[in-house]
Amino acid sequence: MTVPAGDFVLVTGNPNKAREAENILGFPVATEAVDLPEIQSLDLLAVLEAKGDEAWRRLRRPLVVEETGLFLPALGGFPGPLVKWMLAAIGPEGIARTVLALDDARAEARCAVLYRDAEGSRVAVGSDHGTLVLPGRGAGGFGWDPVFMPHGATETVAELGENWKNRHGHRGQAWRRLGAVEGG
């Protein structure tokens, strides 16, 4: 199943996710801010599928929903898809301080996207492994980008910039695997 360009709505109220999707896809993306209930689970795909089911129930049109998570081995995989609550509570540097205090700065950024239409659904996942660093560096990106340094890099995602993130990062990988990107 190839995701038809422009024939879907991205269900998100996050303008950063919408902007990145447009940059990755190379075309304008219609968005719909629907307040979807989010199940509280560390299972990224379970959260994504629940969001997709509810979005489809409400909109009944071709759509994409996305879920991202930051998985930290020092915390047994927590916060995973619950990361937005941790970011709101202690910020990206607080998350980095937590894992550095536990002497395990490893992290995996993961994104899952789900396309759904009347024919069914398709899910794709992208991930990026790295470490969390302090202090946060760089002005690009959002969320944990200032403290996340991908494996093999000497700069954070916020320093590497949007082009790097869209080409190599977890969200770009997921969109390409979904088949929504030309040549993806």
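Leu-10 stands opposite Val-64 in strand 3, where strands are DSSP runs of E with at least two residues, numbered from the N terminus, and helices are runs of H or I with at least four. The model is a predicted one, in which local features need pLDDT of at least 70 and side-chain atom pairs count only at pLDDT 80 or more, while totals for chains, interfaces and linings use all residues. Residues are numbered from 1 along each chain as its sequence is written, and side-chain values use heavy atoms, with hydrogens and water left out.

Strand 1 and strand 3 run parallel and are joined by two bridges; two strands count as paired if DSSP finds at least two bridges between them. Strand 3 also pairs with strand 4 (residues 79-80), here in the antiparallel sense and over two bridges, with Leu-70 opposite Gly-80. Between strand 3 and strand 5 there are nine bridges, and these two strands run antiparallel; Leu-70 has Ala-109 of strand 5 as its bridge partner, and Val-64 is partnered in strand 5 by Tyr-115.

## Burial of strand 3

Strand 3 is largely enclosed by the rest of the structure, because nine of its nine residues are buried, that is, under 20% relative accessible area with a 1.4 Å probe and protein chains only, where exposed means over 50% and partly exposed lies in between. In a regular strand the side chains alternate between the two faces of the sheet. In strand 3, Leu-63, Val-65, Glu-67, Gly-69 and Phe-71 point one way, whereas Val-64, Glu-66, Thr-68 and Leu-70 point the other way, and all of them are buried.

## Strands 5 and 6

Strand 5 has 10 of its 12 residues buried, so this strand too is largely enclosed by the rest of the structure. Strand 5 pairs with strand 6 in the antiparallel sense over 12 bridges, with Leu-114 opposite Val-123 of strand 6, and a hairpin of two residues joins the two strands.

## Helix 2

Helix 2, residues 44-59, has 16 residues and reaches 22 Å from its first C-alpha to its last, close to the 22 Å expected at 1.5 Å a residue, the expected span being 1.5 Å times one less than the number of residues.

The buried residues of helix 2 include Leu-44, Val-47, Lys-51, Glu-54 and Trp-56. The buried residues of this helix pack against strand 1 (9-11), strand 3 (63-71), strand 5 (106-117) and strand 6 (120-132).

Conventions: Contact means heavy atoms within 4.5 Å.
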